[in-house]
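Good morning. Please have the sequence and the structure open while I talk, and look back at them as each item comes up.

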Amino acid sequence: MASETNHLQQAQLAMVLGSDSASFETLISHLMSSSNEQRSAAETLFNLAKQTNPDTLALKLAHLLQLSPHPEGRAMSAVLLRKLLTRDDAYLWPRLSLTTQSSLKTSMLSCIQREEAKSISKKICDTVSELASGILPENGWPELLPFVFQCVSSDSPKLQESAFLILAQLSQYVGETLTPHIKHLHGVFLQCLSSNSASSDVKIAALNAVISFVQCLSTTERDRFQDVLPAMIRTLTESLNNGNEATAQEALELLIELAGTEPRFLRRQLVDIVGSMLQIAEADSLEESTRHLAIEFLVTLAEARERAPGMVRKLPQFIDRLFAVLMKMLEDIEDDPAWYSAETEDEDAGETSNYSMGQECLDRLAISLGGNTIVPVAYQQFSAYLAASEWQKHHASLIALAQIAEGCSKVMIKNLEQVVSMVLSQFQSAHPRVRWAAINAIGQLSTDLGPDLQNQHHQRVLPALAAAMDDFQNPRVQAHAASAVLNFSENCTPDILAPYLDGVVSKLLVLLQNGKQMVQEGALTALASVADSSQEHFQKYYDAVMPYLKTILMNATDKSKRMLRAKSMECISLVGMAVGKDRFKEDARQVMEVLMSLQGSEMEADDPITSYMLQAWARLCKCLGQDFLPYMNVVMPPLLQSAQLKPDVTITSADSEDEAEDSDDESMETIILGDKRIGIKTSVLEEKATACNMLCCYADELKEGFFPWIDQVAPTLVPLLKFYFHEEVRRAAVSAMPELMRSAKLAIEKGQSNGRDLSYLKQLSDYIIPAMLEALHKEPDTEICVSMLEAINECLQISGNLLDEGKIRSIVDEVKQVMTASSSRKRERGERATAEDFDAEEGELIKEENEQEEEIFDQVGEILGTLVKTFKAAFLPFFDELSSYLTPMWGRDKTAEERRIAICIFDDVAEQCRDAAFKYYDTYLPFVLEACNDESPEVRQAAVYGLGVCAEFGGSVFKPLVGEALSRLNVVIQQPNARQSENAMAYDNAVSAVGKICQYHRDSIDASQVLPAWLNCLPITNDVIEAKVVHDQLCSMVERQDVDLLGPNNLYLPKILTVFAEVLTGKDVVTEETAGRMINILRQLHQTLPPAALTSTWSTLKPEQQLALQSMLSS
């Protein structure tokens, strides 16, 4: 049968590729057929031709492209040729004979000359550029560039446009093949863009080409094109003067690309360019979309910080004028009656596209330029707006304030009083929409300026929000006030909320009974947040609130009330967590019955309850702990199903025409990857992210109880470490990895692992750790890299010495990679700091970005510490490989945090590897000694701790350095404010190190001087770990009756007794075992010391210490 099919296909193929062109045309038309059957048969045949007769196929396509009378046939041929000539798995060019290759090249160039239809012409140019990008660098098409230059200087607008199209694409693909012709191209571009006779289509094509070409040049080469820039801008202004806005919009889109990629190219003529753009933005007579593009250009320029830091901040009036334009756009809002109905779908009633654009751009502008630049301009314009009589102006200033808060938070926090007063004054406005905007601003500021706003102004803000909840004439205002209570309480401590709870909770209960669903939903979310933030303070409202919540959960069964029911679940579970298991247990059972019956019912794919239910179950688990285990069989199957959801993805080409319609769809998120546009349904992603987070919660909460699920959860989450569509999914997967391993380890240790032993944990760790390393290697987000490193470290601590050498090797290799990537990011930022317009504001931003690199290095240090602690000296060969990455971190050019981490790594090696670490002392100890007197207290602490370690384990290698070490430590201890908060940890560690020198190197010091001085520093109370060590050492010396410590005639005994008394009555500074020994010593001294000596020592203690000691001695 198979051979018959084969014969049949061969016969069809012979016919299609034969001399009669009609059957080939039929094949091509079938490839475009709407009938699946016809299309797939044609595809099979076409692919067969590609494999067996590539030459004939290519020539047939070229022939069709040249001679077919049907435009769709010619278009399809161009597209198919381009696919065959694209350098991917199906790249056909190398398989074609030289004659075919030559014939194709000639044929395509003549097609460009002959083709009349513009859309097909464009497709042919695409095909030519695609082929050229593969063969031009090896000089495989010497005729092409002369042909292109000939077209450019021809008098045919069609050929000029095609030539510029090809030049634009070649600049993007193989710019280096064009740079030798830079002088010629410069002339061509300048001549075309300055010409009075060139058509607008040709000018736009030239503009596109010059912008692509400029982007592939080096900075010095690019400067040769400065004189083309005025002509480029004229393309825009001329088309506007001629009333040709469509051309102007194309020009603007191209210039926006330039502003984003090469902003410094515009720098010398920035004032003129920005001036033109502002004029367009301000011109009421122009189309809205033209003005929006001009604004987009200006905001893009402000955002191009990495490429041109600080450039636009220096422009006179730029911020003033742009801000004024954006404020004016916010005034474009209608008082639509639908808004007052308070139905959820009318949330945006009356808002125009101007209004949305204004909002979005204010947010972006503030984030890119920062508060020092924006706030003075904003406040000046706000006060003028608030002084006006129109409600739209008041509304606009409040909306603008909320939009700029995130980017300006640091500056706004400095004058909170002014901001809060301005917003609260508008709570009294006569217009409901202004009151709504004021509440909206408070909600946003609570998030962006918290917790400062909450701490300083709770006594003004909460009563104002409570009053707004009484606005029964305007349910939308009431609902928004409830939402603002949510924002306010999220950043709030229980103590701040407590005094207001009576008022706020009783009002929210009134709103729960409101007829408007929007108001009820707002009240539920607010109650949930208030309960979450006030914790045990919420106990007293439980009996009043819970019956209402349960009623909604039981009765809101109608489809229109889905969201209400979902929010009641959220609220019940948060209230339960706030009041705790004992109070909630009975109600929890009833609630879980409802959730179980819901879970068994059929739900629609877009039902919001699914996601809320996943979260409610997880909170119930957190609240009930191990009592939740019986419900896991109900919870887990649908949860795994949600975590395994496949993203709903559509992929189109990035430059496809149909992108514009989709871009406004709220439920789709768009990502551009290379030349592909990827659209993803967000609701699916959010459900998936929630589910992954919940899996992590269960593993964390149930510990060994989660063991039965590991075999299903691990293969679900491990692949999601590389789920690039959604950060939240990756974060959740990362956090879950150590939880899964911990669960397995605890279950094995407690005998709850169904007979599985440590080999299962090794298997799990061998699956998880390599997957995490691979994901880390590809992770684009620095913050997630930090989380990944942290999770890898936890996994290493859990798996301990189950790791084999191969895994350690791959961890070390990845650490090298992480350090290299981090330092190259820092180097790039350093280069930004040399830009001509670099200013203090940019310096701040770079500092913040570099802090993430410190976090990365911190986690690397933790990982190395774990490996050193686990494998001791066996790890040192790997450590040696890393030294060239670590030593630079000791340099004075590094930040304090980087120096601290580098020292801590050495401290770990010295402590864990003991004699095996001696070989590093020569290199590292000089650094450590110098760092003891570093200006940063954290660096000092790490360094003095290191000296203590070397004193303890360094033996004869450390001996020659004892004198210098003591004098360095002495400087730390004698510093005037050595015991004040930021220095206290360094002080405690220095005292501990002196103690170790006394213990291990007594023969190298003058003990009669050093020991009393050491005693004088005791007790230490800040570093509780060191405190326990030091106080135990003191106790042992007294037990041994150390002569140098006790002094001549027990001179120092009173001081010792005082230290004992302070230690025994202090907090967590001594182990129980040491405390028992100290009490024994005190009892003996009680019996042996003369009463007078005892009384004088006793009298130096505080009365409460005397009492505490007496009860210890007598018990």
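Which residues does leucine 84 touch, not counting residues up to four places away in sequence? Keep in mind that this is a predicted model. The partners of leucine 84 are Phe46, Lys50, Leu57, Leu61, Ala90, Tyr91, Leu92 and Trp93. Leucine 84 itself is found in helix 5, which covers residues 71-84. Is leucine 84 buried or exposed? The cut-off for buried is under 20% relative accessible area, and leucine 84 has 4% relative accessibility, so leucine 84 counts as buried. One distance to check on screen: 8.4 Å separate the C-alpha atoms of leucine 84 and alanine 58, which are 26 residues apart along the chain.

Now the whole chain. There are 1115 residues in the protein chain, and buried residues make up 54% of them. The chain has 56 helices and three strands. Along the principal axes, its C-alpha atoms fill a box of roughly 125 × 75 × 75 Å. What share of the contacts between residues at least 6 apart in sequence join residues at least 24 apart? In this chain, that share is 73%.

Next, domains and core. The chain is divided into domain 1, residues 1-117, and domain 2, residues 1045-1114. The centres of domain 1 and domain 2, taken over C-alpha atoms, are separated by 99 Å. The largest nonpolar core has 407 residues, and those with the most contacts inside it are Phe164, Met412, Phe628, Tyr698 and Phe706. Both domain 1 and domain 2 give residues to this core, so it lies between them. As background, nonpolar side chains in soluble globular proteins tend to be buried together.

Take Phe706 from that list. Leaving out residues up to four places away in sequence, phenylalanine 706 touches Met632, Met636, Leu695, Tyr698, Ala699, Val713, Leu740 and Ser743.

Last, a pocket. The second largest pocket has a volume of about 690 Å³. Its lining is made up of 23 residues, and Glu604, Ala605, Thr610, Ser642 and Glu687 lie nearest its centre. Which helix supplies the largest share of that lining? That is helix 36, with five residues. Helix 33 (609-624), helix 34 (632-643) and helix 36 (682-702) each supply at least two residues of the lining. Sorted by class, the lining of this pocket has eight nonpolar, eight polar and seven charged residues.

That is the end of my part.

Conventions. Residues are numbered from 1 along each chain as its sequence is written. This is a predicted model: local features need pLDDT of at least 70, side-chain atom pairs count only at pLDDT 80 or more; totals for chains, interfaces and linings use all residues. Side-chain values use heavy atoms; hydrogens and water are left out. On a 1 Å grid over the protein atoms alone, a cavity is a set of points where a 1.4 Å probe fits but cannot get out, and a pocket is an open set with protein on both sides within 12 Å along at least five of seven lines; lining residues have an atom within 4 Å of a point. Grid points are joined across faces, edges and corners, and a volume is the space filled by probe spheres set on the points. Helices (H or I, at least four residues) and strands (E, at least two) are DSSP runs, numbered from the N terminus. Ala, Val, Leu, Ile, Met, Phe, Trp, Tyr, Cys and Pro count as nonpolar, Asp, Glu, Lys and Arg as charged, and the others, Gly among them, as polar. Domain bounds come from an automatic or database domain assignment. A nonpolar core is a set of buried Ala, Val, Leu, Ile, Met, Phe, Trp, Tyr and Cys residues joined through side-chain atoms within 4.5 Å. Buried means under 20% relative accessible area, exposed over 50%, partly exposed in between (1.4 Å probe, protein chains only). Contact means heavy atoms within 4.5 Å.
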